Amino acid sequence: MKYCALNPYLPLYEYIPDGEPRIFGDRLYVYGSHDYAGGEFGFCAGDYMVWSAPLDDLGDWRCDGTAYPRSTCPDQLKPGDGMAAPDVVQGTDGRYYLYYNASVNNCHIAVSDTPEGPFLPYGDVMNRDGTPYDTIKMFDPGVLVDDDGRVYLYTGFCMPGSIPERFKTPGAVFPEYSLGYELAADMKTIIRGPVDLLPGGNITTGTGFEEHGFFEASSPRKINGKYVLVYSSEVSHELAYALADEPLGPYTYGGALVSCADIGLQGNTEPVMPHGNTHGGLVQLNGDWYIFYHRHTSGQEASRQGCAEKLPIREDGWFGQAEITSCGLNGGPLPASGSYNACYCCHLTSPQIRPERYSVLECRRETEPHIYEEAVGDRECDYLHYIANIGTDTVAGYKYFAFDTPVCVKLRLRGQGNVKVTACVDKPDAEKAASNEMMLQESWQTLTLDLKEISGVHALYFRFETTGRAQFNSIHFE
């Protein structure tokens, strides 16, 4: 059975940011950190989970379970400590190696006979003398097994300006460049490195990386004979990439791949979504290249969900910047039929949403519209998802729907006060296609908009005018 592939691609109750896509056999696997709804536990507070989908049905995701629990981590993790973004590669021995950094400097490694896990501790990245390599904080490790079987490790954390104290651990060193290493066949012993690779935001002048210096999130690939290093740039909401002829460089700036707020896309300077950091990697699916990244929910930075977008190809054969959509892995627009949760929006703007990025240190749910979930049962999947705290001139948008037959659309709403909703096609400020209003109540009600004059593939936006605050749960086409 073919399922629609939506953004985010995992169920709305799951929060797996920092997603590294890897193909093993006939399935696409995603390895990421694990946040929780609401963000109160901070970044990466959960166990490592593995999700996968068949390559011929990228909407049919399966949870393969807990691959590596926090209790297995060799560090003594305290509340608030996170197991940060991991990567998984298949070694030349056929086993699967998971690399991650937690609360100390070391890069830990776990190993499994299967891509689903469970993974068991294998040790740390080591010096040649067998001692742990712990002089530099090995944040966000990414790993490349080259065609000749040689293994390379990429790490780094280059925050622009000075490093806040909360990011420092005893003895941690934060170089001004991202770093690369070559590992021995045992997948853990350093035989070359560290090698300076990409300049951080403090030292980009004259490098070609100006305004796109390295921040974090190293993710290496080999594509068409070139070494491609994806990274989160100094602006944080953007994934960019660099190119080299050798695995340890030198690297030159390649361009932006995606912004989780569409900043920079076709010259755009205004965020189209509430935004914070992002992290992800590249994968080729059915002949096309996709970038995986994450978005933000709950009015706070540490409640993130994985998304993916098809990348445009420039005239020089390399990647341009992707547009964020509601249908990233679908291979085309979503049908304008059936029902969709409102939280699949790829555009959420409002005068109430401050333009600066979210922070893990501040929650903005009380004052700004946001994507939210409400518990309605005891199981993990027993949640009600909706856009909350909607005020006047809030716009929720969806790209893209294919309108094959005349339809009307029904919105499921609740809240306080009167609400008027205007549907616009293609642009959030386009001439209205339909409009209707009603008095909101505490229980869910349906507001109907007539879209029977629309045909073809279009973006669809809903603009709200309210005398109180509204919640928006779903869209139903009929």
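Guide: A residue is buried under 20% relative accessible area, exposed over 50%, and partly exposed in between, with a 1.4 Å probe and protein chains only. This is a predicted model, in which local features need pLDDT of at least 70 and side-chain atom pairs count only at pLDDT 80 or more, while totals for chains, interfaces and linings use all residues. Residues are numbered from 1 along each chain as its sequence is written, and side-chain values use heavy atoms, with hydrogens and water left out.

Visitor: Why is Ser 474 called buried?

Guide: Its relative accessible area is 15%. The limit is under 20%, so Ser 474 counts as buried.

Visitor: What does Ser 474 touch, leaving aside residues up to four places away in sequence?

Guide: Contact means heavy atoms within 4.5 Å. On that basis Ser 474 touches Tyr 340, Asn 341, Ala 342, Lys 410, Leu 411 and Arg 412. Ser 474 itself is placed in strand E31, residues 469-477; strands are DSSP runs of at least two residues, numbered from the N terminus.

Visitor: What makes the pair Ser 474 and Asn 473 a polar contact?

Guide: The term needs N or O atoms within 3.5 Å, one able to donate a hydrogen and the other to accept it within protein; residues adjacent in sequence count only if both atoms are side-chain atoms. Here side chain meets side chain at 3.4 Å, so the pair qualifies.

Visitor: Why is Arg 128 called exposed?

Guide: Arg 128 has a relative accessible area of 65%, and the limit is over 50%, so the word exposed applies. Arg 128 lies in the loop between strand E8 (120-124) and E9. The side chain of Arg 128 reaches the backbone oxygen of Ile 191 at 2.8 Å, and Arg 128 also touches Thr 189 and Ile 190.

Visitor: How do you know that strands E10 and E11 pair?

Guide: Pairing requires that DSSP finds at least two bridges between two strands. Strand E10 (residues 151-155) and strand E11 (residues 177-183) are joined by 5 bridges and run antiparallel, so they pair. In one of these bridges, Leu 153 has Tyr 181 in E11 as its partner.

Visitor: Which sheet holds these strands, and what makes two of its strands edges?

Guide: The open sheet has 4 strands in the order E9-E10-E11-E12, with antiparallel pairing. Strand E9 (142-145) and strand E12 (190-199) are the edges, as each pairs on one side only.
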